[in-house]
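User: I am new to protein structures and would like to learn how to read one. Could you take me through it step by step?

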Amino acid sequence: MRPKVHIFSIIFPLIFIVLSGYISSRSTFLSKEHIAGLSKFTFYISVPAFLFLNMAQADLQNSVSIAGFLSFYIPVLAIYALGYVIDRYLISKQSAPSRHAVFALGSSYSNTVLVGLPIIIAALGQQMVGIVFMIITFHSALLFTLTFLLSAKSQQTFSWRAFAKNMLLNPVVLSISSGLAVNLIGFTLFDDFANGLSLLAKPAIACALFVLGANLAFYKVADNLQASLIATIIKLLVLPCGVYFFAGSVFNLEQSLLNVLVLLSASPLGVNAYLIANQIKQHQATLASSVVLSTVLSVVSFSAWLNVLL
């Protein structure tokens, strides 16, 4: 176990950047237009450059692990089912299946790119990003597809064709899959191009955290916190414990891979889940509150898991 001072040194710089974004937005030093422009650069240019470059240069031989996939996704799907059942029988009860599916998404979807990845790089090092990318490539596609599938009957205007197109052209999915293709065919990026991508990629993590903090200023915690607290507790406590159990006790993964999977699962609820809730028009206030609560409380969650794992 590393000393607590080291755990603080991992967490504090990331919190500092998020708070800087939040204060800049909350104080109106940056307007919504400024943040929108920074977000566009971050998620359509800098982060894709970072993901593509690292995926293209990743050591795939040591990144692919079926046991790792199962250790992460079995608990994720189990928690998704648990969230669906809890909303069906305890929170929303006789509401439409789409409402239960959105709550299930809010209980299981992790902010892997904006929060999980920076934590893993800071705590475990850059060499672990290949494993991270192999895990998160299917994360959004799986949970969003499952949510829309369960909601399909009550979403008559929903277009699977448009959804598939949006997923395939998603900057994160596209950059990771393109980098993977370059890696698999053995194509070596020429130095000048790689150096250019590297310059674009350097601000990716800092910009992503800053934009996360800035956007949190636009979300409000709902008056009724019960559903949000339940989703947050499931997300930050139950899910990481499930991944820790499967990775350590069922599949006996090596410590470095176990660390990556647990930290990914301990990430707060991703903002994209709220966007899905808006699209389906169910549990919008719940997921907006859960984004804020889980992001704030993830400081405690990450600190606890870093003490356990390192």
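**Reading a covered helix**

Analyst: Let us begin with helix α13, residues 255–265, which is mostly covered in this predicted model, since nine of its 11 residues are buried.

User: Which residues of α13 are buried?

Analyst: They are Leu257, Leu258, Asn259, Val260, Leu261, Val262, Leu263, Leu264 and Ser265.

User: What covers the buried residues of α13?

Analyst: The cover includes α3 (66–91), α5 (112–124), α6 (129–136), α12 (226–250) and α15.

User: Which residues have the most contacts inside the largest nonpolar core?

Analyst: Within this core of 94 residues, they are Phe133 and Leu263. The largest share of the core, nine residues, comes from α5. Leaving out residues up to four places away in sequence, Leu263 touches Ile119, Ile120, Leu124, Phe302, Trp305, Leu306 and Leu309.

User: Is alanine 288 buried or exposed?

Analyst: A residue counts as buried when its relative accessible area is under 20%. Alanine 288 has a value of 7%, and is therefore buried; this residue is found in helix α15, which runs over residues 284–309.

User: Which residues is alanine 288 in contact with, leaving aside its neighbours within four places in sequence?

Analyst: With those neighbours set aside, alanine 288 is in contact with Tyr219, Lys220 and Tyr274.

User: How far apart in space are alanine 288 and isoleucine 135?

Analyst: From C-alpha to C-alpha they are 25 Å apart in space, while in sequence 153 residues separate them.

Conventions
Residues numbered from 1 in each chain as written. Predicted model: local features only at pLDDT ≥ 70, side-chain atom pairs only at ≥ 80, totals over all residues. Heavy atoms only, no water. Helix = DSSP H or I, 4+ residues; strand = E, 2+ residues; numbered from the N terminus. Buried < 20%, exposed > 50% of the residue type's maximum accessible area, 1.4 Å probe, protein only. Contact = heavy atoms within 4.5 Å. Core = buried A, V, L, I, M, F, W, Y, C linked by side-chain atoms within 4.5 Å.
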